[in-house]
Amino acid sequence: MKNFFYICFLFLVDNVFLMAQEKENNEQSSPYTEQYITDIYMTEPDRALLLLDEAEEKRAMLPARINDLRSMVYRNKYQCKLAFRYARRAYVQDSVANNTPEHLLKMTIELADLASLLSEYEVSNRYVVEGIRLARNMNDEQAEAKLLFCMGENKRRLSFKKEAYETFDEAIRLLSDADDAYGLRMLSYFCGVKMSFLIDDDLIDDALAVGLYRQELLDKMERTEGMQEAYLDLQKSYLYSKLAYLYYRSGDKKKAEKCFAKYKSTQAASTPEGKYNATPYLLVTGQYREILDNCRDLKELFRE
């Protein structure tokens, strides 16, 4: 028992030392910092992993932060099993250190999300429940909303549709008063995912109602400081392609054409991914040649 407490004491002292050293590295604009790795991980993932290995050897960052960043890099590389492994390590290190509750909550959210992506829904829900407890203790409604929405996705993928939509709505209500860029982006994402599920379930009127609510959100986002034009353009492209399809399915072809014209006016509509978003509308309107052309563009993107 004495050895256990001694080891814990050394671990805590070591973390205090590493926090001070991490701060010093930040001040010297070292590449072994969270900000630097975050800036390069999408364009240079292998270099980011190499720098994290070096940071670990040099003890330049806290172990939990290093493993968090490794998880982020592997997730970007679509290697979700490795991402989960390193997120779990960061979670355990935070749990033992017990000095960064905000980071522990962040890793709990990551583990819930990654487990869901890996179809480990029971594991995901365990982290969701733990995360909601942490979020409520910290009065973090945005974190709580993220976790609730993850639980809703788990329920939907397990075919508990009624419970899933109720959970989606609970998460959306938590963010309904959001007025900052981050909260509004999250709310818009939630609505987009819910609308996609509703379309898959052929609940056209419900999906259209969510789409129109999201249209109001985008209008609000345009007036919000910190919103990037490229992000808004991408959101509009996706939304109007779906609204065009939903209006056509509901029998209002004129509104469908207007929405499709708005979709076509976005810059994102000319990209391979943006063109693919038009597939449902093109399919119901019988524009099969354009669908094939768009799919060729997307196939070429995947090949590259």
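Predicted model: local features only at pLDDT ≥ 70, side-chain atom pairs only at ≥ 80, totals over all residues.

Colleague: How exposed is L283?

Modeller: L283 is partly exposed, because its relative accessible area is 47%. The cut-offs are under 20% for buried and over 50% for exposed, with partly exposed in between (1.4 Å probe, protein chains only).

Colleague: And where does L283 sit?

Modeller: In helix α15, residues 279-284. Helices here are DSSP runs of H or I with at least four residues, strands are runs of E with at least two, and both are numbered from the N terminus.

Colleague: OK, back to L283. What does L283 touch, leaving out residues up to four places away in sequence?

Modeller: Y288 and I291. Contact means heavy atoms within 4.5 Å.

Colleague: Zooming out, how many helices and strands are in the chain?

Modeller: The chain has 16 helices and zero strands. It has 304 residues, and 44% of them count as buried.

Colleague: Let's pick a helix pair. How do α5 and α6 cross?

Modeller: The axes of α5 (residues 80-97) and α6 (residues 101-117) come within 9 Å and cross at roughly 150 degrees. So α5 is roughly antiparallel to α6; angles over 145 degrees count that way, under 35 as roughly parallel, 65 to 115 as roughly perpendicular and the rest as oblique. Axes are lines fitted to C-alpha atoms, for helices over the stretch in contact, and angles run from 0 to 180 degrees between N-to-C directions.

Colleague: Which residues make that contact?

Modeller: Among them are F84, Y91 and D94 of α5, and H103, M107 and L111 of α6.

Colleague: H103, then. Is H103 buried or exposed?

Modeller: H103 counts as buried, because its relative accessibility is 5%.

Colleague: What does the H103 side chain make a polar contact with?

Modeller: The side chain of D68, at 2.8 Å. A polar contact is a pair of N or O atoms within 3.5 Å; within protein, one must be able to donate a hydrogen and the other to accept it, and residues adjacent in sequence count only if both atoms are side-chain atoms.

Notes
Residues numbered from 1 in each chain as written. Heavy atoms only, no water.
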